[in-house]
Amino acid sequence: MYAYDEFDRAFLAERVAEFRDQVGRRLSGALSEDEFKPLRLMNGVYLQLHAYMLRIAIPYGTLNAAQLRRMAHVARVYDRGYGHFTTRQNIQFNWIKLEELPEAMAALAEVGVHGIQTSGNCIRNVTTDQWAAATPEECDDPRIWAEILRQYSTLHPEFTYLPRKFKIAVTAAGHDRAAIKVHDVGLRLHRNAAGELGFEVLVGGGLGRTPFVGKSIRDFLPARELLSYIEAIMRVYNQYGRRDNIYKARIKILVHEIGAEEFSKAVEAEWAAIRDGALHLTDEAIAEIRDRFIYPAFETRTDQPAELVDALADPRFATWHRNSVHTHKVPGYSIVTISLKPVGAPPGDATADQMDIIADLAERYGSSEIRVGHEQNLCLPHVAQKDLPALWAALDAAGLATPNVNLVNDIIACPGLDYCALANARAIPVAQEIAKRFADLDRARGVGRLHINISGCINACGHHHVGHIGILGVEKNGQEFYQITLGGRADEHAQLGTLLGPAVSYEQVPGLVEDVVDTYMELRAGPHELFIDTVARLGVEPFKERVYAAH
Amino acid sequence: MAAPQQQKLKVNGPVAVTANRLTDGAVVWRTKAGGWSVELADAAVVTTADDALALLAEAGQRDLDAVGPYVAPVIVDADGALAPGNLRERIRVAGPTFELPH
């Protein structure tokens, strides 16, 4: 965990006081809606279909137990008893009253969380691998660098009014769990032949109505040059990015239109002018940030302790363990993913009671630390293996031990037309119906790893372009229809899915997905060929023939 | 698709003016008396673009009670009862189409 200091606390308290004043002036009529709207958006407050929504950033997906417990409190007191974890490591409260927002924000600020820069054309919450500092795959803790970026980008005056919003993701592991290739800037931390730490820098990735996979413009940027290089990118984007058309304003359009090579030249030229300036990160500055991260005092343990071995005799526990428990870098410890996708429930939602239970369990078994992944699941990154049976029993009792992580019913879905003012079609009920088709988890396990992503409109908050099966809701003559893509992926081999065929109706989607899965089961080379690999080997045509013949 | 507030107004049947209440975002409907009600049954219903624009203009004169007014389709049944005219409005009136977490 990163320890915030008095400066951070004072800053948030001032910000809450400022917002309280703004809300008061709006309610009194001193501010018009046109004047107030940009102010509320700067604090993460949206107006949705039937209520205000408060979006709270969870920097690099890391929470402590006190923060999660406070989110439960906000859900219980100011909302309807639940919160929604998003694909950008945020949480959203869907029913907040404007007149109560300052109180809710004050409660959150007391534990160091806020909604600043979760909306608007600024640098948004910097996201990273939810397994940071726990996975043996990584070369460094990526959150160090995300925190440096967070401090740099928070209220940065030059980048408060960018052409459009700007999203940065960082990974330090070979396997990319942060989807860096579909962000405006993706940073892959690695070491060069000399063992020095640096970043591969990708720009121009993104989804939405014009999706692109990011282009690499630098193989190795020395880590201490991170801020000056990011500033050079931001300046080139700020200067040349389009402001005349909201749909052409993201950096991906600029990179696409002038080409990655030209964009890179412009960045390098800008960087040459500023790289030795104030943004050069000294070893002392990096060490200061690094020292503010508090890590668990890991004890000397061995893998597969007797408590775990004994518990594995229970088939339910063993199934959960195989699905939701992952290798930790320290012997005797594990990473635990908590599925927020119980079959038939809205993906990514957690009740206030569940949040409190997870906070308690994190304190008892997980060094008081909780992570949020872009897959809309939670994670306890540091659990002693001997504690896994007790943890599982408590999670299971709370409905939080569904062993479906990375399976066909671990579906990523945006809020869709059930909440969102931008959506054309529903996403959550589609996910629920598909999940029910695969409620038999033995069947889902037989299918293996398969990511379904659903978006209720072209803005793609459900990342449908990079779903193994992507589902995009559209509206035709007042009816909901859904386009299906196959073969997308968000990892280190990121690619966009290929359209399967004509859009189908709301009622047809679950059956069509089931047919796609059945086709895969028939066509796969064997149980070890994943869905995504079968699609890569055969293309979408065999699926199209089979699926549309049936509909 | 653009939000209803951003679309060119087309009136092909009965419509009403709707918005969100300032204090809590609740869905409200413009009434014949020139106020706002959370009950669709209280909504002023018009059937021409000119009347809808007039209702909208009047609703937009004061933004202290409700925000983001726009024209929404409604259905009037044989008894004169009102219902939302499309899925978006049905969801605004009745809430999400699935059981909320509890």
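Some ground rules come first. Residues are numbered from 1 along each chain as its sequence is written, while chains are lettered from A and ligands numbered from 1 in the order in which they are written. Since the model is predicted, local features need pLDDT of at least 70, side-chain atom pairs count only at pLDDT 80 or more, and totals for chains, interfaces and linings use all residues; side-chain values use heavy atoms, with hydrogens and water left out.

Chain A is split into domain 1 (6–109), domain 2 (134–291), domain 3 (306–397) and domain 4 (412–550), with bounds that come from an automatic or database domain assignment. Take domain 1 of chain A and domain 4 of chain A, whose C-alpha centres sit 33 Å apart. Each of these two domains puts 10 residues into the contact, where contact means heavy atoms within 4.5 Å. About 770 Å² is buried between domain 1 of chain A and domain 4 of chain A, and carbon and sulfur atoms account for 58% of that. Buried area here is the accessible area (1.4 Å probe) that two parts lose on being put together, summed over both. On the domain 1 side, A:Gln48, A:Leu49 and A:Thr87 provide 56% of the area buried against domain 4 of chain A, more than any other three residues.

What holds for charges at this domain interface? Zero salt bridges turn up between domain 1 of chain A and domain 4 of chain A, a salt bridge being a side-chain nitrogen of Lys or Arg within 4 Å of a carboxyl oxygen of Asp or Glu. On the domain 1 side, β4 (82–85) and β5 (90–96) of chain A are the elements that give two or more residues, and β5(A) has the largest share, with three residues. Helices (H or I, at least four residues) and strands (E, at least two) are DSSP runs, numbered from the N terminus.

Strand β5 of chain A also carries A:Trp95, which pairs with A:Tyr419 in the loop between β16 (412–413) and α14 of chain A, 324 residues apart.

Between the chains, 34 residues of chain A touch 25 residues of chain B. Chain A and chain B bury about 2400 Å² between them, 62% of it on carbon and sulfur atoms. One salt bridge crosses this interface, with the side chains of A:Arg26 and B:Asp63 at 3.6 Å, N to O. Polar contacts between chain A and chain B come to 10 residue pairs (both at pLDDT 80 or more).

Notes:
A polar contact is a pair of N or O atoms within 3.5 Å; within protein, one must be able to donate a hydrogen and the other to accept it, and residues adjacent in sequence count only if both atoms are side-chain atoms.
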